[in-house]
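Open the model in a viewer and keep the selection tool at hand. The stops below go one by one through the chain.

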Amino acid sequence: MEALNINNRSIGINFNSAGIAEIKLWSPGAETVLIKLKNQSLSLAKDEHGYWILNTDQVKPGDQYWFEVNGKALPDPASLLQPEGVHGPSEAFNVNSFNWTDNQWQNVQIADYIFYELHTGTFTPGGTFKDIEDKLDYLIDLGITAIEIMPVAQFPGDRNWGYDGVFPFAVQNSYGGPQSLQQLVNSCHKKGLAVVLDVVYNHFGPEGNYVGQFGPYFTDKYQTPWGSAINFDDAGSDEVRRYFIENVLMWFRDFHIDALRMDAVHAIKDLSPKHILQEISERVNDLMQQSGKTHYLIVECDLNNARFITPTHKGGYGMDGQWTDEFHHALRVTAGGERNGYYTDFNSIEDLANAYQNAYVYHGQYSEQRQKTFGTSTKGIAGKRFVVFSQNHDQVGNRMLGERSSQLFSFEMQKLMAAAVMISPFLPLLFMGEERSESSPFQFFVSHSDEKLIEAVRKGRKAEFADFHMNGEAPDPQAIETFKRSKLNWDNINETPHQTMLQYYKNLIKLRKHQPALKTLHRENMSIKVNAVNNTLMLQRWAEGQQLICFLNFSSQNQTEIVPEGINQWQKLLDSAEPKWSGPLASSPIISTGEEVKLCPESVLIYTQYHA
């Protein structure tokens, strides 16, 4: 691999301080390479390691272009902007031209992240980065500290979750393009919000995927759910690895992104002596040492393997955190959700207690669904390494009808599930709209142009739900109505029950941010008692001299718990059953050791030690 310059993007088209375009394309099998502009074509010269290069003053920002490889015109695999979509020309963009005003910005400490996952196209009626900007004050008032934006790499058409992206460096044109994303990040930092970007390094989408025509970006050594794996360890993999490392560095350095969420890294196939994730971690550390800025790498991974979040000097891959789906699965089953598909491995409230204690429910036990022993221990790994949630885009959108918790659980249970996330010793994530009991679904949608592909997606969607034994028809992913149904409804935000839930979430997040026992993520400073018969759980946490006790009743009946010994009196911090939260009955504001506490159905009580 050619030496990597972490200070500047080096592939595609970039502009130096003199305005000269520095063009660099990797195409090791090419015989000739030209850059085709509107009125002329320029030849690139062959360089080392399969690169083709040209420095010229004939290319300016805003110029549209193609690379012509052995006579075939193709868009730039490192394009920053595809103004006419995935099949059109690339457009030269000076990534360094933006006038940043966030020089004093320092990233939020990861332990203080309260994530808000959003999809740009459906978060607002307009569906652009500019429209997100207009809602930042709403998110700050809610208490959010970090927005997490679903993938923005250019995808076909203007409707997609983002996981069908085929230009990892190009910012979706229908969202506003690269400059608009830079403006959004700048505005977030001005208001004190961190920005997390969801990126996809395990596959390219099926339409507009031209990278394989430039070089060995894929390998047949491994197969993934999307076909041949991205080539991270086969012949030619050095420059493929560089391509993705450059992508990571670009987001942090040139777009000022604070953290990346890397999609389904268990589908990254790499048996190199140094895994690509470890190499990414090392290069990001190099960047941080030079810039003085802090950036985080968070992964989605279903392997329950602590190696991903173990530091590199201890033999790990050096990721800063991971999504923890098993907490969600245990919580949903405890709340009375269906037990089919991947939920069949989760049985009761004891699994939720296990998740509180270990993050992974399966950390070395036998898994019936997988039919093998599964998972590793998380002993010694800080709570700030795990991201937990009661909803996310997958768990909502991968239901056949895309129902949110508001359609599946009672109002009381929604409040309880929200609290169950917030009182955990892990990082909480909200999925857009849950904070106000959004009733609109979040369904799977695409806007492909190939009819055969569209039909294949429809059939694949039907097959996906076979394991869940669902009746009826899945919404048509290609239909614009499916996309429109998935947009948040901002018109009912001041109506009941949406405003009630919104105020409840604000109160809950405020407790999370300001109560030391909740804010401090020491997993060892916690005890749990479970009553599986009554479907109740008592959780105690302590930090900085504060003791806190939480009673969670997941049953549909009134239950009782005995206040444990140790603290003479406790004063109430939160009661989800209070009438002000549209609950049936408020509990006592003060409770004492040995006292019997009555728990309303589907409710949570939080108390702290009493100070007269």
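Where is the place of N535? Select N535: its place is in the loop between β24 and β25. Helices (H or I, at least four residues) and strands (E, at least two) are DSSP runs, numbered from the N terminus.

Before going further, note that this is a predicted model, in which local features need pLDDT of at least 70 and side-chain atom pairs count only at pLDDT 80 or more, while totals for chains, interfaces and linings use all residues. Residues are numbered from 1 along each chain as its sequence is written, and side-chain values use heavy atoms, with hydrogens and water left out.

**Backbone stops**

Stay on N535. Its phi is positive, about 60 degrees, although N535 is not a glycine. N535 is buried, with a relative accessible area of 18%; buried means under 20% relative accessible area, exposed over 50%, and partly exposed in between (1.4 Å probe, protein chains only). Most residues other than glycine have a negative phi, and most peptide bonds are trans.

Next select E602, in the loop between β30 (596-599) and β31 (603-609). Phi of E602 is near 50 degrees, again a positive value in a residue other than glycine. E602 counts as buried, at 18% relative accessibility.

Now go to T496 and P497. The peptide bond from T496 to P497 is cis, with omega near 10 degrees. P497 itself lies in the loop between α13 (480-485) and α14 (498-514).

Select residues 349-358, which form helix α8. Is this helix mostly covered or mostly uncovered? Helix α8 is mostly covered, with 7 of its 10 residues buried. The buried residues are I349, D351, L352, A353, N354, A355 and Y356. They pack against two helices, α7 and α11, and against the strands β20 (365-367), β24 (526-531), β25 (536-543) and β26 (546-553). Just after α8, A359 takes a positive phi of about 70 degrees.

Keep α7 (residues 325-334) and α11 (residues 411-422) on screen. Their axes come within 11 Å and cross at roughly 145 degrees. Axes are lines fitted to C-alpha atoms, for helices over the stretch in contact, and angles run from 0 to 180 degrees between N-to-C directions. The crossing of α7 and α11 is right-handed; a crossing is left-handed if the near helix is turned anticlockwise from the far one by less than a right angle, and right-handed if clockwise. To see the contact (heavy atoms within 4.5 Å), show F327, L331 and R332 of α7 with M417, A420 and V421 of α11. By class, this contact has 5 nonpolar, no polar and 1 charged residues. Ala, Val, Leu, Ile, Met, Phe, Trp, Tyr, Cys and Pro count as nonpolar, Asp, Glu, Lys and Arg as charged, and the others, Gly among them, as polar.

Select D102, in the loop between β9 (90-91) and β10 (115-118). D102 is buried, with a relative accessible area of 6%. Which residues is D102 in contact with, leaving aside its neighbours within four places in sequence? They are N186, H189, H256 and K293. The C-alpha atoms of D102 and H256 are separated by 8.9 Å, although the two residues are 154 apart along the chain.

Move to A146 in strand β11 (residues 146-149). A146 counts as buried, at 0% relative accessibility. Beyond its neighbours within four places in sequence, A146 is in contact with Y113, I114, F115, Y116, L193, A194 and V196.

Finish the residue stops at R370, in the loop between β20 and β21 (372-374). R370 counts as partly exposed, at 32% relative accessibility. With neighbours within four places in sequence left aside, R370 is in contact with D302, E326 and D345.

**The whole chain**

Zoom out. The chain has 15 helices and 31 strands. Its radius of gyration, taken over C-alpha atoms, is 25 Å, close to the 25 Å that the globule rule gives for 612 residues, so the chain is as compact as a globular protein of that length. The globule rule is 2.2 Å times the number of residues to the power 0.38. The C-alpha atoms fill a box of roughly 85 × 50 × 50 Å, taken along the principal axes. Of the 612 residues, 62% count as buried. Among contacts between residues at least 6 apart in sequence, 71% join residues at least 24 apart.
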